[in-house]
Amino acid sequence: MSVADWSEKFETGIEEIDAQHKHLFEVINRLAECFKAGMAEAGARESLAFLNEYTKEHFYAEEEFMRVMGYPKLKAHQIEHTELLTKVQNLIVKMDEGFLITADVATFVADWLAHHINEVDMGYVQYIQEKTAHLP
C-alpha cells in the first residue's frame, strides 16, 4: 500500500535534499505497509521513531542549507518543521500511553510532506535559483 508516491514534481534539484525526501517517502510507505500487514503497533512504533529521528536530521540539513544561502523565510520554514516534529512526537507519546494509532497517520504524514515540498520547499528552491542565476 503506497500512500506517498515520489515523482519529478517533488524534485528540488538539490541532490542531497531530493535523496532525503525520497527516503522520507519510503519510510512513510513502510509505515503504511505495517498497518496493511497487521503489524500496526510494533511496525508503527518503529517507523514513527525512525521518522522522528530522520526528519530531525533532514530538517537540520535543509535549514542549514537555507541559512548558508541567506534564505529570508528561514524562520517560517523552521516553524513548519517544528510543527510536524511535534505532531510525530505526540503520536509516539500516545502510542506509549496505549492509544491506538491508525493508518491515517501515514496518510497525514504523506499529505503533509507532499504539501511541504511543493508549497514551502519550492519557495527556497526558487530563491536559490534566482540568487545563483547571475553567477558565472
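Analyst: We'll go from the overall fold to the cores, the rings and the charged pairs.
Analyst: This is a predicted model, where local features need pLDDT of at least 70, side-chain atom pairs count only at pLDDT 80 or more, and totals for chains, interfaces and linings use all residues. Residues are numbered from 1 along each chain as its sequence is written, and side-chain values use heavy atoms, with hydrogens and water left out.

User: How many helices and strands in the protein chain?
Analyst: The protein chain has 4 helices and 0 strands. Helices (H or I, at least four residues) and strands (E, at least two) are DSSP runs, numbered from the N terminus. The order from the N terminus is α-α-α-α.

User: What box do the C-alpha atoms fill?
Analyst: Roughly 55 × 25 × 20 Å, along the principal axes.

User: And what share is buried?
Analyst: 42% of the 136 residues. Buried means under 20% relative accessible area, exposed over 50%, partly exposed in between (1.4 Å probe, protein chains only).

User: What share of the contacts joins residues 24 or more positions apart?
Analyst: 73% of the contacts with a separation of 6 or more. A contact is heavy atoms within 4.5 Å.

User: Now the core. Which residues of the largest nonpolar core touch the most other members?
Analyst: I28, L31, L48, L51, V105 and L113, out of 28 residues in that core. α1 (15–36), α2, α3 (74–96) and α4 (104–132) each supply at least two residues of it. A nonpolar core here is a set of buried Ala, Val, Leu, Ile, Met, Phe, Trp, Tyr and Cys residues joined through side-chain atoms within 4.5 Å.

User: What does L113 touch?
Analyst: L113 is in contact with H21, L24, F25 and I28, leaving aside neighbours within four places in sequence. There is also a second, separate core of 9 residues, and I14, I17, Y124 and V125 are among them.

User: Switching to H58. Where does it lie, and is it buried or exposed?
Analyst: H58 is in helix α2 (residues 40–69). H58 is buried, at 2% relative accessible area. Not counting residues up to four places away in sequence, H58 touches I17, Q20, H21 and L24.

User: Which residues of α3 are buried?
Analyst: L74, H77, Q78, H81, L84, L85, V88, L91, I92 and M95.

User: What span should α3 have?
Analyst: The 23 residues of α3 should span 33 Å at 1.5 Å a residue, and the end C-alpha atoms are 33 Å apart, so the two agree. The expected span is 1.5 Å times one less than the number of residues. After α3 comes G98, with a positive phi near 95 degrees.

User: Rings next. How many aromatic pairs?
Analyst: The count is 8. Rings of Phe, Tyr and Trp (its six-membered ring) pair if their centres lie within 6.5 Å; planes under 30 degrees apart are stacked, over 60 edge-to-face, the rest tilted. One of the pairs is W6 with F25, edge-to-face, 5.3 Å centre to centre and 90 degrees between the planes.

User: Why does the pair of W6 and F25 tie parts together?
Analyst: W6 lies in the segment before α1 and F25 in helix α1, so the pair ties together parts 19 residues apart in sequence. W6 is partly exposed at 24% relative accessibility, whereas F25 is buried at 4%.

User: What about Y71 and Y124?
Analyst: Y71 and Y124 are edge-to-face as well, 6.1 Å centre to centre with 65 degrees between the planes. This pair links distant parts of the chain: Y71 in the loop between α2 and α3, Y124 in helix α4, 53 residues apart. Y71 is buried at 10%, and Y124 is buried at 0%. F65, Y71, Y124 and Y127 form one aromatic cluster.

User: Which ring does R30 lie over?
Analyst: R30 lies over the face of F50, 5.9 Å from the ring centre. The rule wants NZ of Lys or CZ of Arg within 6 Å of the ring centre and within 35 degrees of the ring normal.

User: Last topic. How many salt bridges?
Analyst: The structure holds 2. A salt bridge is a side-chain nitrogen of Lys or Arg within 4 Å of a carboxyl oxygen of Asp or Glu. K56 and E53 form one at 3.3 Å, N to O, and R67 and E64 form one at 3.1 Å, N to O.

User: Where do R67 and E64 lie?
Analyst: Both are in helix α2, 3 residues apart, about one turn of the helix. K56 and E53 are also 3 residues apart in α2, so about one helical turn separates them. K56 is partly exposed at 34%, and E53 is partly exposed at 41%.
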